[in-house]
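Student: I have a new structure to read. Can we go through it by question and answer?

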Amino acid sequence: MSIATQVNQSKTQSVPLQSLGVGEMAEVSSVTGSNHEVARLAEMGLRTGMTVSVNRGGITSIVQLLNGSRLCVRTCSQLEILVTPIQ
Amino acid sequence: MSNNLNEDESAEPTAARVAVLGNPNTGKSTLFNALTGIRQQTGNYPGVTVEKRTGLVKIGPTYFELTDLPGTYSLAPRSPDEMLTVNVLLGEHPAEEKPDLILCVVDANNLERNLFLVSQILDLHQPMIIAVNMTDIATRNGIEIELETLQKLLGVPVVGIQAKRRVGFDALKSAMASAVSKSPDIEHDPFSDELKQRIGRLKAACPDDCQLKRFAVTRMLFDTDGFMTDQLKSQVDEKVLATLKTEQEQMQSEGHSIAESESHARYNWITKHLDSFVKRAAPAHQTTLTDRLDAWLTHPFWGLLFAGLTMVILFQLVFWAAEPASNLIDGFNGVLATAVNSFVPEGTLNSLLIDGLINGVGSVLIFLPQILLLFFILAILEDTGYLSRAAFLLDKYLSRIGLSGITLFPLLSSFACAIPGIMATRVIKDRRERLITMLIAPLMSCSARLPVYVLLIAAFVPSKSYLGGLIGLQGLTMFGMYMVGIITAVAVAWLLRKTILKTGTSSFVLELPTYKLPSLRNVWQRMFDGGWAFVRDAGTMIVVVTILVWAAAYFPQNNESLLPPPLKNDAALIAANQTTLDSLDGSETSIDVAQLEEQVSLAQNRLDAYQLEHSYLGRTGKLIEPMVKPLGWDWRIGSAAIASFPAREVIVSTMGVIFGLGADTDEESDSLKSSLASATWEGTDRPLFTLPVALSIMVFFALCAQCVSTLAVIQRETNSYRWPIFTFAYMTILAYVAAFLTFQISDKLL
């Protein structure tokens with residue numbers, strides 16, 4: 001595998017939101033879960049394609065959206081947020 | 001409903017009805033309070049837990065009636081409480097007329113998110129104005145909003161205000177007066193052509209006389225879990241439902257998520273236009289005061305330390321600071337009772353007034369200082385934006401036991417008293433989470449259980465110590481009783497989430513608003529609302545039940561001719577000497593007088609004990625004796641437990657009466673402790689009170705719902721009798737089973 005391919009793959013590899021550390025930025029690649037939860041998050045601004053930055057990481061994290069909103073989010077097996085870290 | 005309107009104001013015909021709407025944390029309540037002042041009413045919408053707040057504002061010569069709807073991020077309803085807002089706006093709510101005007105409050109610092117709700121409201125195509133609040137903070141953050149551009153884009157009046165400082169109110173009132181009955185100038189159009197076609201097909205499927213407008217069919221198309229469709233299906237025919245199903249299936253087959261379609265469309269529209277009316281003088285990601293404060297207040301160590309200190313202060317204040325005021329109320333009750341005694345001769349009326357009514361009303365008012373103080377502190381914590389930070393910090397730990405961070409404040413308050421704790425669940429926005437918290441809050445060992453623990457532990461738990469005196473068995477037992485409640489609460493919460501209150505998920509989402517100074521007007525209003533709601537709604541039930549228990553203990557009255565000979569002598573002693581004692585002015589100090597007083601007092605105590613034994617309460621105690629024997633109790637303990645169902649602290653004075661020491665005993669009383677220690681099963685030498693019996697009583701008290709005030713508040717907060725009945729039933733069963741197991745096991749082991 002070429003280095004370019006490896007770099008591209010690492011760029012596009014999605015990770016769970018809670019694995020990000022403080023100060024890291026990422027693009028939301030998918031929000032999966034019950035329709036209720038996905039819609040609720042989307043209404044609050046956290047949806048696919050959004051850029052977020054992590055203010056506090058971990059199981060319960062604080063993410064900041066581009067519009068300035070800060071959300072405290074705890075995901076679980078029924079609600080998963082995958083993000084693509086932005087270098 | 002509490003009514004701060006005077007007769008002239010409430011009789012004045014209102015010119016318009018205005019629904020006030022907005023995201024949480026936009027200052028909507030601040031604006032509502034500032035506009036309406038004291039001219040407010042609070043009540044409940046039937047069938048839901050949402051409080052109804054209405055108020056009047058005078059604009060020129062006429063009054064406008066404002067209805068403060070709950071803060072919401074979206075008009076997509078997913079519960080009956082959320083459906084209320086939609087029904088009110090559509091004019092479908094039986095208790096509300098359709099509003100003539102919608103006043104939407106948005107936060108100038110977060111227009112992008114706030115405009116999502118505005119976009120949904122515009123679909124209603126009803127008269128509307130937008131109040132852009134906190135413009136001063138926006139300016140400080142380098143954000144400038146071009147209100148005229150926004151107004152042209154949306155087709156509705158847009159007014160900039162600062163609700164806390166009442167800036168912009170003249171312009172707002174003028175806009176409200178002009179906007180009534182004036183629909184938006186333009187048709188709001190956020191959707192892609194594909195979505196517009198789908199909505200068009202749904203509308204076409206509606207017959208001409210269909211009451212539903214574009215708003216409702218749009219909502220049904222984006223209805224992710226069928227709730228809205230279910231609510232409206234009686235108003236649409238099968239053709240619409242079939243078309244809806246087809247459209248949704250097509251969307252999914254084409255790879256469009258129904259859950260995100262609406263958000264994508266509306267936010268894309270907002271983002272496309274945002275730069276035309278939002279100008280940023282400063283970089284979008286400059287460090288703000290909120291960022292600087294959050295660096296400390298959400299820190300894993302410093303933040304947790306601060307949160308812990310806040311909780312300790314909250315607990316101490318509610319537990320201790322309210323005590324002088326509660327004592328004052330208690331003292332006033334005593335003064336009132338003395339006054340009644342001097343005017344009303346001894347007898348049934350005297351006893352009803354003092355032991356029934358004054359005691360009943362007093363038992364309501366005595367909680368008021370705690371409730372007011374708790375609401376005051378929680379309102380400050382919430383208004384400043386700190387409460388959500390504390391919820392974040394605690395969520396990490398509470399999530400491991402199936403609860404979320406925001407539940408800790410109400411549960412912590414419940415250690416002082418469950419009544420303010422349950423009312424504090426108003427900070428929990430999720431309906432099911434709030435209900436679960438309300439149902440487990442009474443399991444926190446409150447201050448009223450303390451007298452029982454203190455009395456029984458001191459009398460029956462050996463005062464052994466371990467680790468060089470560091471840990472005492474009595475202290476450990478007290479700690480154990482608190483842990484019984486906490487562990488049971490965790491288990492019950494888990495069970496409720498898995499069964500009747502299935503949440504289906506253990507995720508948690510909460511907005512962290514920017515920090516701001518609390519609005520004292522808001523804080524005051526919330527404190528007043530909370531206190532008044534308790535006195536008005538819960539107070540009625542408490543007074544009624546207290547009087548019923550008084551009656552059960554008072555009737556039937558002893559018939560002196562049927563008293564056993566020793567008690568006839570007691571009655572004669574009292575009759576012969578009471579008049580003499582009453583005529584003394586209290587300055588006599590001779591031994592003869594003191595001895596006479598003691599003899600009369602002891603005689604009265606024996607008569608009271610006999611009266612209680614043969615009252616309806618005593619008879620009920622004897623009736624249930626077979627049921628409480630497996631717990632190690634006899635009829636006396638059973639009667640005391642029944643008497644304490646309205647208020648558990650009553651048990652100590654009731655046991656004082658039952659065991660012939662009078663009602664003035666308390667948990668520190670050595671004579672009561674020794675009476676209990678020497679009490680035996682009737683007709684035997686077998687001790688009644690043993691360590692296993694003491695443990696079973698304490699476990700029963702730790703888990704039983706012996707507080708009608710708590711049940712009354714649950715009824716008030718849920719607007720339903722189902723949940724207090726459920727609470728009473730599950731806690732009584734739990735307490736009985738636990739007390740049974742405690743006695744049976746400890747009796748064999750100890």
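Student: Why is helix α21 (residues 431-440) of chain B largely enclosed by the rest of the structure?
Tutor: Keep in mind that this is a predicted model. A residue counts as buried if 20 or more other C-beta atoms lie within 10 Å of its own. Among the buried residues of α21(B) are Glu433(B), Arg434(B) and Leu435(B). The helix is largely enclosed because the buried residues number eight of the 10.

Student: Which helices do the buried residues of α21(B) pack against?
Tutor: The buried residues of α21(B) include Ile436(B), Thr437(B), Met438(B), Leu439(B) and Ile440(B). Their packing partners belong to chain B. They are α19 (408-416), α20 (418-423), α23 (473-498), α33 (708-718) and α34 (722-749).

Student: Which residues does Ile121(B) contact, leaving aside its neighbours within four places in sequence?
Tutor: Ile121(B) is one of the core residues that touch the most other members. One of its contacts, Cys104(B), is in that group too.

Student: Which element supplies the largest share of the side of domain 1 of chain B that touches domain 2 of chain B?
Tutor: Start with the bounds: domain 1 is 2-179 and domain 2 is 193-280. In the contact, 19 residues of domain 1 meet 20 residues of domain 2. On the domain 1 side, α4 (111-122), β8 (143-145) and α6 (147-154) of chain B each supply at least two residues. The largest share is five residues, from α4(B).

Student: How many residues on that side of domain 1 are nonpolar?
Tutor: The side divides into three classes. Three residues are polar and five are charged. The nonpolar residues number 11.

Student: What pattern of helices and strands does chain A follow?
Tutor: Chain A has two helices and six strands. Of its 87 residues, 46% count as buried. Read along the sequence, the pattern is α-β-β-α-β-β-β-β.

Student: Which strands stand at the edges of the seven-stranded open sheet?
Tutor: The strand order is β1(A)-β6(A)-β2(A)-β3(A)-β4(A)-β5(A)-β13(B), with antiparallel pairing. An edge strand has a single partner, so one side of it is left without a neighbour in the sheet. The two edges are β1 of chain A and β13 of chain B.

Student: How many bridges join strand β2 (residues 25-33) of chain A to β6(A)?
Tutor: The two strands pair in the antiparallel sense. In this pairing, Glu27(A) has Thr84(A) as its bridge partner. The bridges number eight.

Student: Which residue in the hairpin of β4(A) and β5(A) takes a positive phi?
Tutor: These strands pair antiparallel over five bridges. Val63(A) stands opposite Leu71(A) in β5(A). Four residues lie between the strands. The positive phi, near 95°, belongs to Gly68(A).

Student: Which residue in β13(B) is the bridge partner of Cys72(A)?
Tutor: Chain B brings 33 residues to the contact and chain A brings 32. On the chain B side, α4, α12 (258-277), α18 (386-398) and β13 (508-511) each give two or more residues. Strand β5 (residues 70-74) of chain A pairs antiparallel with β13(B) over four bridges. Val73(A) is partnered there by Val509(B), and Cys72(A) by Leu510(B).

How values were computed: Residues are numbered from 1 along each chain as its sequence is written. Chains are lettered from A and ligands numbered from 1 in the order in which they are written. This is a predicted model: local features need pLDDT of at least 70, side-chain atom pairs count only at pLDDT 80 or more; totals for chains, interfaces and linings use all residues. A nonpolar core is a set of buried Ala, Val, Leu, Ile, Met, Phe, Trp, Tyr and Cys residues joined through C-beta atoms within 7 Å. A residue is buried if 20 or more other C-beta atoms lie within 10 Å of its own, exposed if 12 or fewer, and partly exposed in between; C-beta atoms are placed from the backbone. Two residues are in contact if their C-beta atoms, placed from the backbone, lie within 7 Å. Domain bounds come from an automatic or database domain assignment. Ala, Val, Leu, Ile, Met, Phe, Trp, Tyr, Cys and Pro count as nonpolar, Asp, Glu, Lys and Arg as charged, and the others, Gly among them, as polar. Two strands pair if DSSP finds at least two bridges between them.
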